[in-house]
Amino acid sequence: MRIGVALVALLAVVALVGLDLDRPYVLWLELVAGAAPLVLLAWYFIARTADERLVLALAGLGTGGPDTTVRDALRRVLADPDLDIVYTQVGSGGGWITGLGEQTARPVPPMRRAFTPIERDGKPIAGLVHDRRLLRHPRRLQAAMDAASLALDNERLKAQLRAELREVRASRSRIIDAGDRELQRVERNLHDGAQQRLVGLALMFRLASRRAAGDLELTVLLDDAARELSDAIAELRELTRGIHPAIVDDTGLRGALESLAERPGLPVELEVDVSVSLPEVVEVAAYYLVAEALTNANKHANAAHVAVHARTRDGVLRLTVSDDGVGGAAPSPRSGLQGLADRIGALGGEVKIDSPLGSGTTVTADIPLAQTMLTDDEQRRMTALRWFVHENWDMPGEVVDQISDEDNLIAGKVMLLAAGGNARITEREREWLIGYLTAARDADWVIEAVATYDDSDTLEDLVQLPGIPETVRGMLYDAIRMCFSDGPLTPDELGHLERSAAELGVTRDDLDELRAIVEADAELRRRRFNTIVAPVLPRGVSGKSR
């Protein structure tokens, strides 16, 4: 802008000086000087900085309608249609979330993408995944982030709220599932314990009654006791059925609903169109709902017929129970239907009751099939990971929650490259690496990617990725362990590890300390082998592979 003003001033001076000169170029200079204000105005608009244009473009965020998001605006002003935003999560161990509140790994962009964190008071609050070419224009990128700061805060709060709602729904589902499992345990204990004892006692009463056939008074007494006991067993069976429907475990939802339809009382028209396997917690909730609706129809509706329909569509189980009774049903705060509505609501579902007076009652429930809760296998996986992390590095188990599959992939690549790469490591070392990743419960695709890795990255590139500089000592330590798996370090291995340590920013003293730790571990393994394993091996058989 200063250059433009100086140029116009110079032209004006030249034109004024040449007013009295009778030369052809003077007229030309006067025309240029007269047009200078227009040139200056055009220059002003053309030379407006990218920062100012971005501020103007982003200033309207929040006024573009309910569907306008900060991501959409940034995609537009930065000309990057694939730009994405992630946000740091508060609580729950931290981590990253999408704008929809979904958990996501720390971004590790592919080759042509980049990740730029957005910080406030020295702490990351969000991050942009964008075209790597934008890094050539840091002022433009920073201006976009500054201009969108307030909008980013709003979007982050929304994402955090969505994440908390997801966690609330997931925790409610886990509570329901834990309660069902405990009730299932109680039901089994009653069935296998008290109920079986009572059945055995009833048999003893019948045997005693036969032996007391000559004593009429005693026979009558024993028969009465046997009947009372039979009634108690029937009541206990009904109680255990209410605690947990064992028939759901035995026959699935279809068989359980068929058993309800076959109970004495109203005739029930049953239609089940369920073609997929359902989570147990969904089947139990569906069974309870149909059982409660049929009980109400029998006791209160004065109905002559009930229809039950169950079908799965688009990831949802829909249940409909309709009767032709008097109607007027409404769930009270402590009613069975209200309790079931709460149970199904905890699973992300919904219960509706349509019961106009004189027109019957229809109870409809929609239950999502996808339930966010840890299965036994997943729980065991987390326990195994925490043990692995603690046993290897004495690290708190909570660290596991922060490690993503992408992190594991990068760590595997760094270990492989630091040990020399595919061209240098031995088959025994390769076997150690794959076994290590498998024992750490890495995802199958991560193990496959490392096993077929073509050494296309460099340590210099990998160490620039977020979170890697803080963990290079651990990965170098594992690389030394890998090299040591087939015997003491060779001069070639040691040389390569020294070069790798320099590239990773690890000092020679630290490398020596890591090497000493690995050698001490090897000596401890040798002593453990000689003390525990060697004495029980047959002669001539050695379990040592090195």
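Begin by selecting helix α16 (residues 472-484) together with helix α18 (residues 508-533), whose axes come within 10 Å and cross at roughly 45°. Helices here are DSSP runs of H or I with at least four residues, strands are runs of E with at least two, and both are numbered from the N terminus; axes are lines fitted to C-alpha atoms, for helices over the stretch in contact, and angles run from 0 to 180 degrees between N-to-C directions. The two helices α16 and α18 are therefore oblique to each other, since angles under 35 degrees count as roughly parallel, over 145 as roughly antiparallel, 65 to 115 as roughly perpendicular and the rest as oblique. Their crossing is right-handed, a term used if the near helix is turned clockwise from the far one by less than a right angle, with left-handed used if anticlockwise.

Before going on, keep in mind that this is a predicted model, in which local features need pLDDT of at least 70 and side-chain atom pairs count only at pLDDT 80 or more, whereas totals for chains, interfaces and linings use all residues. Residues are numbered from 1 along each chain as its sequence is written, and side-chain values use heavy atoms, with hydrogens and water left out.

Now show the side chains between these two helices. On α16, select R473, L476, Y477, I480, R481 and F484, which meet a set of α18 residues including L511, L514, I517 and V518; contact means heavy atoms within 4.5 Å. By class, the contact of α16 with α18 has nine nonpolar, no polar and six charged residues, where Ala, Val, Leu, Ile, Met, Phe, Trp, Tyr, Cys and Pro count as nonpolar, Asp, Glu, Lys and Arg as charged, and the others, Gly among them, as polar.

Next, select helix α13 (residues 427-439) and helix α14 (residues 444-451), whose axes come within 10 Å and cross at roughly 165°. That angle makes α13 roughly antiparallel to α14, and α13 passes α14 in a right-handed crossing. The contact is made by L433, I434, L437 and T438 on the α13 side and by I447, V450 and A451 on the α14 side. Sorted by class, the residues of this contact of α13 with α14 comprise six nonpolar, one polar and no charged.

Move on to the strands β6 to β10, which form an open sheet of five in the order β6-β7-β8-β10-β9, with mixed pairing. Two strands pair if DSSP finds at least two bridges between them. Strands of a sheet pair through backbone hydrogen bonds, either parallel or antiparallel. At the edges you will find β6 (268-273) and β9 (350-354), each of which pairs on one side only, and the twist averages 10° from one strand to the next.

Within this sheet, select β9 and strand β10 (residues 361-368), which run antiparallel and are joined by five bridges. In β10, the bridge partner of D354 is T362, and the partner of E350 is D366. The hairpin of β9 and β10 has six residues between the strands, and there G358 takes a positive phi near 80°.

The next stop is a second open sheet of five strands, in the order β3-β2-β1-β5-β4, where the pairing is antiparallel. Its edge strands are β3 (103-104) and β4, each pairing on one side only. Strand β4 (residues 113-120) and strand β5 (residues 123-131) pair in the antiparallel sense over eight bridges, with R113 standing opposite D131 in β5. The hairpin that β4 and β5 form has two residues between them, and D121 in the turn has a positive phi of about 55°. Strand β1 (residues 84-88) is joined to strand β2 (residues 96-97) by two bridges, and the two run antiparallel; in β2, the bridge partner of Y87 is I97. Helix α4 (residues 70-77) lies across β1 and β5, running at about 135° to β1.

Finally, colour the chain by pLDDT, the predictor's confidence in each residue, from 0 to 100. The mean pLDDT of the protein chain is 76, and 73% of its residues reach 70 or more. Over residues 1-5 the pLDDT is below 50, and beyond near neighbours in sequence this stretch has five contacts in the model. Where pLDDT is low, the predicted coordinates should not be read in detail.
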